[in-house]
Amino acid sequence: MPCPPGRFKSEPSPYECLTCTPGTYTSEAVSKLICASCEVGRFQANIGQPLCNKCEPGRYQNDSRQTHCLVCDSGRFSKSGFSACQDCGAGFSQPLRGQSECDPCAYGRFKEKSSPNDCQP
């Protein structure tokens with residue numbers, strides 16, 4: 001008999017369904033011997049889950065089998081949540097953490113790529 005989503009069968013006890021640990025999941029009622037790992041850009045903090053959650057924009061996860069997403073630092077951003085945070089380019093800045101985009105420098109201010117986070121006069 002298959003296990004419900006979020007559970008799997010173990011070889012030592014093939015008749016008992018065990019719960020998937022955080023960072024893993026099973027999406028269908030199956031007779032799998034292991035739970036699948038959450039992929040890069042996704043996470044699962046709870047046990048026995050049928051899916052992994054996508055990291056929100058401004059956050060990211062570069063590793064699989066994770067229980068949370070990381071927050072982009074100030075001066076960096078992530079649009080999708082799947083990729084690592086990127087530096088704000090020349091002419092853009094972001095003073096806040098966890099953002100999905102950078103803001104253009106105000107008229108009369110500038111920022112070179114290698115300079116600090118804030119736009120300069």
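A word on the model. It is predicted, so local features need pLDDT of at least 70 and side-chain atom pairs pLDDT 80 or more, while totals for chains, interfaces and linings use all residues. Residues are numbered from 1 along each chain as its sequence is written, and side-chain values use heavy atoms, without hydrogens and water.

Now, salt bridges. The term means a side-chain nitrogen of Lys or Arg within 4 Å of a carboxyl oxygen of Asp or Glu. How many are there by this rule? Two.

Asp 73 pairs with Arg 97, with the closest N and O atoms 3.7 Å apart. This pair links distant parts of the chain, 24 residues apart. Arg 97 is exposed, at 52%.

The other pair is Arg 76 and Asp 87, at 2.9 Å, N to O. Arg 76 sits in strand β9, Asp 87 in strand β10 (residues 86-87). Strands here are DSSP runs of E, at least two residues, numbered from the N terminus. Arg 76 is partly exposed at 31%. Asp 87 is partly exposed too, at 43%.

What else does Arg 76 touch, leaving aside its neighbours within four places in sequence? Its contacts (heavy atoms within 4.5 Å) include Cys 85, Cys 88 and Gln 94.

Last stop, Gln 94. It lies in the loop between β11 (92-93) and β12 (103-104). Gln 94 is buried, at 3%. A polar atom of its side chain lies 2.9 Å from the backbone oxygen of Glu 101.

Terms used:
Helix = DSSP H or I, 4+ residues; strand = E, 2+ residues; numbered from the N terminus. Buried < 20%, exposed > 50% of the residue type's maximum accessible area, 1.4 Å probe, protein only. Polar contact = N/O pair within 3.5 Å; in protein donor to acceptor, adjacent residues only side chain to side chain.
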